[in-house]
Amino acid sequence: MRPHDRSLLFAVVLLVLAVLCLSVAFTYPYDSSGFPRGVSVVFLIFAIVHLVTSMKDWKGQENLDEASNDGNGSASGSGAGRAWVAALGVFLSAPFYILLARLFDFEIATFVYLVAGMYLLKMRRPFVVVLVAIGTLLVVKGLFFYLLDVSRAPTLVFGG
Amino acid sequence: MRFFAAAIVGLLLAAVLTPRENEGSSDFPRKPVTLIVAYSPGGAVDTIGRAVATHLETYLGQRIVVRNKPGAGGEIGYRSLSAANPDGYTLGMITAPPILMLDMLRQSKHGEIASFDVLASVQKDPVVIAVGADSPHGSLRDLLQAARDESSKLINVAGDGPLSNNQLQLAVAEKELDVNFNFVPFNGSGPSIAALLGGQVEAAVPSASSVTNYVKRGDVRALAVFADERYEFLPDIPTVVEATGVDVPGIGAAVRGIVLPRDVPIANKQLLADAIENLMADEEFKIYVRRAGIPLHYMGAEEFDAYLLDLERQLTAYMPLLSGAQDNGAPR
Amino acid sequence: MFEDSLLGLATLLDPAMIAAIAVGVTCGILIGILPGLTSTLGVALVIPITFSMPPQVGLAMLGGIYVASTYSGAITAVLLNIPGTPAAVATLLDGYPMGRNGEPTRALALSTFGSAVGGMISVIALLLLGPALAKVSLLFGPPEYFLLAVFGITVIASLSAGAMIKGLIAGCIGLLMSTVGYHPLTGTMRFTFGLPALYDGIPLVAALIGLYSVPEVVDMIVRGDKKKSVQNERDRKSPYRYLGQVIKQTGNLIRSSFIGLIVGIIPGVGASVGGFVAYDAAKRASKRPERFGKGSAEGVLACETGNNAVTGGTLVPLLTLGIPGNPVTAVMLGGLMIHGLQPGAELFTANADIAFGFIFSLFLSNLLLIPIGLVFAKYCAQIVRVPRAILAPIILLLSIVGTYSIRSSFEDVLIMFSIGAIGFLCQRFSIPRAPLVLGLVLGTLAESELERSLALVSGDIGVFVLQLVTRPISLGILLLSIYAVYQGVVQHRRQSRLLDQ
C-alpha cells in the first residue's frame, strides 16, 4: 500500500473512531457525559475536515503519480513495512514478559526478555548478551525492589 | 550454539538470584509483614497506616512494610488483599463505610467485609459541618433555618466526593433533619475547606481531622460533629444531637482498621491482634499521635465486627439516598 | 519574620542538611531519568527514611528529590526523545531537535540552567509572597479553574502550528482519553469496559511512557545503528559556556518562572502544563517563532524554567494553607504531620527554623542541580553510543518495570503498550503528540471544574455563563484566552504565508 493510500485510510479510521466515541458517549447518562459528548462532536467535525483534505491530497498524489508514470510507490515502502513489523514485535513482547513474570519470577522474565530482544535484533555475541542481561537485571532489581521497595508480584511456580 | 549455551548458563544464574524467604527463628512472624493500604500515599488512611506500622514493629519484632495500592476507590487494594496468601504476613488497612459502600455500589465481591477477618479498628474520624469564619450562621440551628427558607436557593455544601462517606453523612443528615442542601463534590476534604475559605460555598462537610487546625485558628467555624461523642481535638464543638435535639446517626464517620484475609491460622491472628491492642494502649504512642493531630479510637476484633455489621445494616437503609442525591448534584 | 528567616538560614550550616540536599538531588535526578518513576514515588518512598531524621533534614531531602526529579526528565527528552517525567514533555518539542542538530550539550545546558533559575525564582516568590499568593489563590473558584483549563487547552492550537487539523484532532483524542474513568461529580464510569485499572482514568505516567518510549524504541529498531549525528563543532565541550546565553534571556526566564509559579498554585494541574504554557508564551513573544519546534533555544529554556517554577508554586498552598495541590505535596503533608508539624501560619511562627530552613534548602537544591545534573547529563549523553540492539530491549524493559512499579499492576503495563500503539500510529501519520498530552492532562481539570461550577448554581447554564463574565478573575482569564486565540490565529496566518513564499 502506498503512503498516500495509507494516509487516506488513516483519515477514514479517524472518522470511524470519532463516530464510535460519539456513540459510546451517548450510552452514558446525560449528567455524566456532557463533556465526552461535546468533545466527540468537535472531534467528529475535525475528522470530517481532515478526511476531506486527505482526499484532496490523495487525488493530487494520484495525479502526480500518473503524470510521472511511477507505479512503484515511494522509496519508503520497505522501510515503512519494517516499522510495522518492529512495532508488532514490540507490542507482542508485553504479554510475553507479563506471562513470564507471572509464571516464573521477575528475574527469569527479565533475563529471557533481554536475551530474546537482543538476539532478535541481531546482537548475538554470547558474552556481551549475557553480561548485559545479568547486569541490567541486577541494576533494575536493586533499584526497584530494594531501594524503592516495589512489591513483587505473586508467581505460579515460585509462589509469593 | 555458543549463544544458546551462554543463554542457558545465564538463565540458571538469573534463577539463582530469585530471592528466597529467609526464615529466622521458628516463631511467627519470621519475616517482614506487609500492610496493604488501598489508598494513595499522604492521604488520611496512609497516614494512620504508617503511624501504626512504624510503631507496631516493636511489638511484633519484625519490620512492617507499607504498600500503597491505590485505585478504583480502594477496590484495587482490597482485591489484592483478599487474594493474598492467608499466612498472616499480609495485612490491610480498611476504611468503613467506604469499603461497604464500594460493595453496594459496584457489586464488587472483594469489597465485602465477609472477605476479611477484622483485627481491630484504630481510628474514628467523624464528619463535621462547618461554615466560613464570617458566615451569618452562628449555630447549626441558624444554618438549618436558612436552609429551610423556601424563598432562597439551596445552600451549597462542599465535601469530598462523589459517593464518599462525607456525602453519605450529609444525605443522612438531610433526611433526619428534614432539610435540603445542594451537595457539591470536591476532590477531597482539603479542597472543600479551600472552597469554604474562599467563599465559593457557604458550608462544607469535611472530616474532623482535616478541619481541626482551621477551626483552632478561627478560619473556619465548625457548627457540629456527626458523632455520639464530641471529637477529641475539638471539644468545644457540639454533637449534632446537642445542637439540634435530633439524633442523626454518625454512620458517615470514617472508621479505619486493620484486617486479614480469611482463614489465617488462629494463633497468628491472635498474636497480631494482641500486638495491636498493646500498641493502642501504649502511652508514648498516643502522645506521639496526638501531637500530629491524628485521632485514635480502638475497637477490638469483636467490637469492630459488630460495629461493621450494624453499619452495613444502616447503610442498606440509607444508600438509596445517595442515588437520589446524585440527581441533586447537577440537575439540568 | 526577618529574624525567623535568619534562623532558617542558619540550619543550612548543618552538614547533615547539605548532605541531605545532595543525596536528595542525586536521587531525584536518577528518578527523573528512569521511565515510570516520578517525583511522587520518590518522595513517598523516602518519607519513612526521614522519620529517623530531624524534620528539617528530612524535608530538605524531600525537597531535593522533588526539584531534581522535575528537572531531570529533560535529560532523556533531549537525548532519546523520551520524557523521563511528565514535566519534560514540552521540552521534547525543541530539546530533541536541538540535540539532533548536533548541539546536545547546548540543549542540556539550557535545560539545566533554566530549571535551576525557574526553581530559584519560584522559591524566592514562595518566601516573599507566599501568604499573599495563597490569599489570591483562595479567590479562585470552579469557574476560574475551568477558564484556566480552557486557556491551557487553547495552547493546543499553538502546539499544532503547521499541522493544525491533526493537532486539533490529537487534542480531542487527549481530551476524550481524559474522560476515561469515573465522572468527577456523579461517579458514573465512562469508557472503562469493566476494568478496575481504568476506574481512576488512564494513568498519566503510563500514558506518557507508552506515547513516547514505545514509538521511539520502534524507531530505534528500524533505524539501526546508522551514523547518528553526535556533536558538531558548534557544540561546545563545557556546558558552562552556555551560561552567558541563558543570562541574556532574562525576559524569557522571568516570564516562564512566573507562569510556572501560577500553574503550580492551581491544584491538580502539574509541571507538564507549566512547561507547555511557558513554551507557548515564549513562542508568542519571540521574534522568531518559526524556529520553535526545530530547536529553538528560547523554547527549551522556556519549558524547563516553567516546569521547575511549578515546584515553588505547589508549595505555596501546602505551606501556607495546609492544602496539597498535587500528589507530591500530599505526601509531603503526610510527612509533615508525622513529624508533628502542622502546615499553615503556625509553621512559620512556632517552627520558623524548620519552615524557613526548608525554603532555603529548596533554594540550595535548585542551585545544586546544576553541577550534579550536568555530571549526570554528561554520562547519559554517552548512552546514544550504545548499539541499538542493546539499548532498545533495555529501554523497553525499564518501561515495563517502571510502569509496573507505579501501582504494582501488570494491567498498567498492558495499558501502557496500548497507548504505545496510539503513539506509534501518531508518529507514523505525523500527528503531533504534544496536543494529545495536553488534552489528557487538562481534560480532567476542565471537566471537573465545569461540572462543579454548574453544580454550584444548580445546573443553571445561564447563571453560569453570567458568572464567567461578572466575576472579576473569570473575566480576566476569559479576555486573556480570547486574546491568546486571536494572536494564535494571526501568527498561524503569518506562518502559513511565510511557508507559501
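Of the 160 residues of chain A, 30% count as buried, a residue being buried if 20 or more other C-beta atoms, placed from the backbone, lie within 10 Å of its own, exposed if 12 or fewer do, and partly exposed in between. The model is a predicted one, in which local features need pLDDT of at least 70 and side-chain atom pairs count only at pLDDT 80 or more, while totals for chains, interfaces and linings use all residues. Residues are numbered from 1 along each chain as its sequence is written, and chains are lettered from A and ligands numbered from 1 in the order in which they are written.

The secondary structure of chain A comes to 5 helices and 0 strands, where helices (H or I, at least four residues) and strands (E, at least two) are DSSP runs numbered from the N terminus. From that terminus on, the elements of chain A therefore read α-α-α-α-α. Among the contacts in chain A with a separation of 6 or more, 57% join residues 24 or more positions apart; two residues are in contact if their C-beta atoms, placed from the backbone, lie within 7 Å.

Confidence is given as pLDDT, the predictor's confidence in each residue, from 0 to 100, and the model as a whole scores ipTM 0.88 and pTM 0.88. Within chain A, helix H1 (residues 3-27) has the highest confidence, at a mean of 90, and helix H3 (residues 76-103) the lowest, at 82. Where pLDDT is low, the predicted coordinates should not be read in detail.

| Chain | Mean pLDDT | Residues at 70 or more |
|---|---|---|
| Chain A | 83 | 85% |
| Chain C | 87 | 97% |

Chain A touches both of the other chains discussed here, and its contact with chain C brings together 49 residues of chain A and 44 residues of chain C. On the chain C side, two or more residues come from each of helix H8 (164-178), helix H9 (204-223), helix H17 (388-407), helix H18 (410-428) and helix H19 (434-456), with the largest share, 12 residues, coming from H17(C). By class this side has 32 nonpolar, 7 polar and 5 charged residues, where Ala, Val, Leu, Ile, Met, Phe, Trp, Tyr, Cys and Pro count as nonpolar, Asp, Glu, Lys and Arg as charged, and the others, Gly among them, as polar.

The contact between chain A and chain B takes 18 residues from chain A and 14 residues from chain B. Helix H4 (106-120) and helix H5 (126-147) of chain A each supply at least two residues of the chain A side, and H5(A) gives the most, with 7 residues. That side has 12 nonpolar, 1 polar and 5 charged residues.

Chain B is divided into domain 1 (27-124 + 254-317) and domain 2 (128-252), with bounds that come from an automatic or database domain assignment. The C-alpha centres of these two domains lie 28 Å apart, and their contact takes 12 residues from domain 1 and 11 residues from domain 2. On the domain 1 side, helix H4 (98-106) and helix H12 (301-329) of chain B give two or more residues, and the residues of that side divide into 10 nonpolar, 2 polar and no charged.
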